[in-house]
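Here is a short tour for you to follow alongside the coordinates. Please have a look at the chain first, and then we can go through it together.

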Amino acid sequence: MIIDILTELFNKRINLSKANAIYEEIMDSKYAGDVVLLLNLTQEEWSAFCQGADFDLISKRRHKGWPRKCAICNKTLDVKKQDWFVFFTGNKITLRHVVCFPLSSPTLDSSSSGQ
Ligand SMILES: [Zn+2]
């Protein structure tokens, strides 16, 4: 059974703990390998979840759309075509290029990665 978990959350038909329970239930079943399909997630939504964003934050992103710019360098970031990490700001998630580190990061040397 496919459940559009983000739409259910956004419309408040389920809450976050129910969403997590549904996720856990699938992961504990023989259908774990199809979790992205069964929860009707896009690839970017699944990536964000794997990076620690919760379903609540991701459902808001589906509704509002993903940023088109990197949160660090402010240059174009295409969520479908480029590599990115989620970047947590307050109670929402934005995106950053994999080579763009937050200023507070201890590993600021980004000179070694060629595209
Ligand atoms: Zn950037």
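How many bridges join strand β1 to β2, and do they run parallel or antiparallel?

## The hairpin

In this predicted model, β1 (residues 84–89) and β2 are antiparallel and are joined by 6 bridges. Among the residues facing each other, F85 stands opposite R96 of β2. The hairpin has 2 residues between its strands, and G90 takes a positive phi near 60° there.

## Helix α5

Now turn to α5, which spans residues 55–64 and has F55, I58, S59 and R61 buried. Viewed down the helix axis, these buried residues fall within an arc of 155°, so they line one face of α5. H63 and K64, on the other side of α5, are exposed. After the helix comes G65, with a positive phi near 90°.

What do the buried residues of α5 pack against? Their partners are α1 (5–10), α2 (16–27), α4 (43–50) and strand β2. For F55, setting aside neighbours within four places in sequence, the contacts are I5, L6, L9, L16, A19 and F49.

## The nonpolar core

The largest nonpolar core has 17 residues, and I5, L6, L9, A48, F55, I58 and L95 are those with the most contacts inside it. At least two residues of this core come from each of α1, α4, α5, β1 and β2, with α1 giving the most, 3 residues. Both domain 1 (1–65) and domain 2 (66–106) supply at least three residues each to this core.

Notes. Residues are numbered from 1 along each chain as its sequence is written. This is a predicted model: local features need pLDDT of at least 70, side-chain atom pairs count only at pLDDT 80 or more; totals for chains, interfaces and linings use all residues. Two strands pair if DSSP finds at least two bridges between them. Helices (H or I, at least four residues) and strands (E, at least two) are DSSP runs, numbered from the N terminus. A residue is buried if 20 or more other C-beta atoms lie within 10 Å of its own, exposed if 12 or fewer, and partly exposed in between; C-beta atoms are placed from the backbone. The arc is that of the directions from the helix axis to the C-beta atoms. Two residues are in contact if their C-beta atoms, placed from the backbone, lie within 7 Å. A nonpolar core is a set of buried Ala, Val, Leu, Ile, Met, Phe, Trp, Tyr and Cys residues joined through C-beta atoms within 7 Å. Domain bounds come from an automatic or database domain assignment.
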